[in-house]
Amino acid sequence: MLSEILFYSLDRAIRQYRKFAQGNIDRAGIDITVDQWLVLRVIEEHDDLTQAEMAERVFKDQASVARIIALLLKRGLLKAEPLPQDGRRMRLRVSTLGHEVLAAVQPVVLSNRAVALAGLAETDLAQMRQSLERIYTNCLPKTPVVESTPAALPLPDNTNR
């Protein structure tokens with residue numbers, strides 16, 4: 001059965017949590033999606049990342065992150081400043097309005113986490129974090145092993161046949 005597959009259960013829990021979290025954000029009257037919040041938080045914490053690095057941190061493809069950034073800029077939650085050393089690139093910063101939205105959503109985020117993790121002891125959570133980190137590490141690409149091959153042998157000279 002699917003319910004016996006760990007990754008099915010994990011994905012099911014994550015999807016349900018995201019629905020739960022988004023519903024609570026919406027009910028609080030805050031106009032932001034979970035994905036927009038994630039991108040905004042990453043930029044707040046690290047305003048020097050490339051879009052590729054942001055995409056990696058929020059588990060989205062670069063095109064999705066670019067769309068989210070464009071929307072956040074349009075809504076005034078982000079501002080873009082040209083980099084002095086490279087006029088083609090922009091540094092993204094959370095605007096004053098963006099900080100206000102992050103502050104407004106923070107209690108909802110904390111409440112969502114508390115409800116979702118209710119009944120789990122800190123030791124359970126520590127073990128879960130350790131197990132998930134192990135799964136993550138197990139799935140990282142392995143460095144290819146270069147096998148040594150015997151030196152090429154000279155081809156026989158067939159000219160005398």
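This is a predicted model: local features need pLDDT of at least 70, side-chain atom pairs count only at pLDDT 80 or more; totals for chains, interfaces and linings use all residues.
How are α2 and α4 oriented to each other?

1. The axes of α2 and α4 (residues 62-74) cross at roughly 80° and come within 10 Å. Angles of 65 to 115 degrees count as roughly perpendicular, so α2 and α4 are roughly perpendicular to each other. On the α2 side, the contact is made by Asp 35, Gln 36, Val 39, Leu 40 and Ile 43, and on the α4 side by Ile 68, Ile 69, Leu 71 and Leu 72. Sorted by class, this contact has 7 nonpolar residues, 1 polar and 1 charged.

2. Next, look at α2 against α5. Their axes come within 11 Å, with a crossing angle of roughly 115°. That makes α2 roughly perpendicular to α5. The crossing is left-handed. Trp 37, Leu 40, Arg 41 and Glu 44 of α2 meet residues of α5 that include His 99, Leu 102, Val 105 and Arg 113. By class, the contact of α2 with α5 has 5 nonpolar, 3 polar and 3 charged residues.

3. Leu 40 is worth a click: this α2 residue takes part in the contact with α4 and also in the one with α5.

4. Now for α1, which runs over residues 6-27. At 1.5 Å a residue, its 22 residues should span 32 Å, and the end C-alpha atoms are 32 Å apart, so the two values agree. Ala 21, Gln 22, Gly 23, Asn 24 and Ile 25 are buried in α1. What covers the buried residues of this helix includes α2 (34-45) and α5 (96-116).

5. Finally, α1 is followed by Gly 29, which has a positive phi, near 75°.

Notes
Residues are numbered from 1 along each chain as its sequence is written. Side-chain values use heavy atoms; hydrogens and water are left out. Helices (H or I, at least four residues) and strands (E, at least two) are DSSP runs, numbered from the N terminus. The expected span of a helix is 1.5 Å times one less than its number of residues. Buried means under 20% relative accessible area, exposed over 50%, partly exposed in between (1.4 Å probe, protein chains only). Contact means heavy atoms within 4.5 Å. Axes are lines fitted to C-alpha atoms, for helices over the stretch in contact, and angles run from 0 to 180 degrees between N-to-C directions. Angles under 35 degrees count as roughly parallel, over 145 as roughly antiparallel, 65 to 115 as roughly perpendicular and the rest as oblique. A crossing is left-handed if the near helix is turned anticlockwise from the far one by less than a right angle, and right-handed if clockwise. Ala, Val, Leu, Ile, Met, Phe, Trp, Tyr, Cys and Pro count as nonpolar, Asp, Glu, Lys and Arg as charged, and the others, Gly among them, as polar.
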